Amino acid sequence: MFAFKKSAMFIIILVCFVLIYSAYNSFASYERRKKDISYVTDVFSADKALSIDIPKDWSDTIESAYKAFNSSDKLLGYTVFAKTRGYNGYIYVKTSIGPNFSKILSVSVDSKKETTNLGQKVGETDFTDRLKFKEPPLVLNGSEKIIVSLSENTILKDGVYKAENLNYIDGFKNYVEITVQNGKISKANWDAINKEGNSKKEMSENGEYIMTENAPLWHEQAKLMEELLVKMGDPLSISLSNDGKTDSVASASITVNEFVKLSEECLIEAKGAKTMENTIESKASSIDGISGATVSSKAVINSINTSFDFIKKHADSF
């Protein structure tokens, strides 16, 4: 009898907990939506804002989106709330676009997780003002290629995909090469080259690149990250701390945010994203990034292009 009462009490407590948790999430969602609508109406001096449905295929990058109207129900524009991986963690970007998809009217960036005095500067008005009244797609000066349109396809196309940094960091330029077979990642290669063209992985294997005497060598840790990516199948599943490291691999002490970011770029292309070479003929609006924060600057630019592409495809979804 006592055991039955104890079990019943546990069930009651569990149900109460679930109800409280559900109520809290509903309240938090309501407050977030109210805050979003307030932001949209302020940007456009609008009388109301209506939400746009976010398809599941876009939910990794687009958190919410709204149409803004005046009192006569005239469309004033759109605002997209998006998130993107920066150098240390997620950057949150609010992009407001005119009613004819012609120009960017406003950009707000939450970059507090980025490096102080470097990546965090993409959230300052000195950078965001550079984006106003530009016509997407945007391109970061110095970039070789830009993402102009994401695919709604979630299946990876077989092939070999490569993404690399434009700049040298601590003397090396990182790159990641991913092989997709039967719609899944079958192989990953992470390496970096110095200005002389020497491979960081080979230098580590030959004892020419040593971080500390006690930790695993760089090429050993890089291999662990490659194996983790193949196993998990998605770089977004790899957790990152504010210093760019991960606890997904117990013995990894190196910063892996470059590996994660470049892996994401490979998979975006594997899903069929449309890219554009940065040439005079591309007719993209060129933007100067933050010096020393190319990764953060590029992340914001790609997020804005993604938001613009989303609105063009789903502006009429309610």
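By class, eight nonpolar, three polar and seven charged residues make up the lining of the second largest pocket in this predicted model (nonpolar: Ala, Val, Leu, Ile, Met, Phe, Trp, Tyr, Cys and Pro; charged: Asp, Glu, Lys and Arg; polar: the others, Gly among them). The space in this pocket is about 440 Å³. Of its 18 lining residues, R32, D36, E63, S64 and F81 are the closest to the centre. A pocket is an open set of points on a 1 Å grid over the protein atoms alone, where a 1.4 Å probe fits, with protein on both sides within 12 Å along at least five of seven lines; lining residues have an atom within 4 Å of a point. The volume is the space filled by probe spheres set on the points, which are joined across faces, edges and corners.

Residues are numbered from 1 along each chain as its sequence is written. Local features need pLDDT of at least 70, side-chain atom pairs count only at pLDDT 80 or more, and totals for chains, interfaces and linings use all residues, while side-chain values use heavy atoms, with hydrogens and water left out.

Eight aromatic pairs were counted (rings of Phe, Tyr and Trp, its six-membered ring, with centres within 6.5 Å; planes under 30 degrees apart are stacked, over 60 edge-to-face, the rest tilted). The W58 and F310 rings are edge-to-face, with centres 5.2 Å apart and planes at 65°. Both W58 and F310 are buried (under 20% relative accessible area; exposed is over 50%, partly exposed in between; 1.4 Å probe, protein chains only). Y78 and F101 are stacked, at 5.3 Å centre to centre and 15° between the planes.
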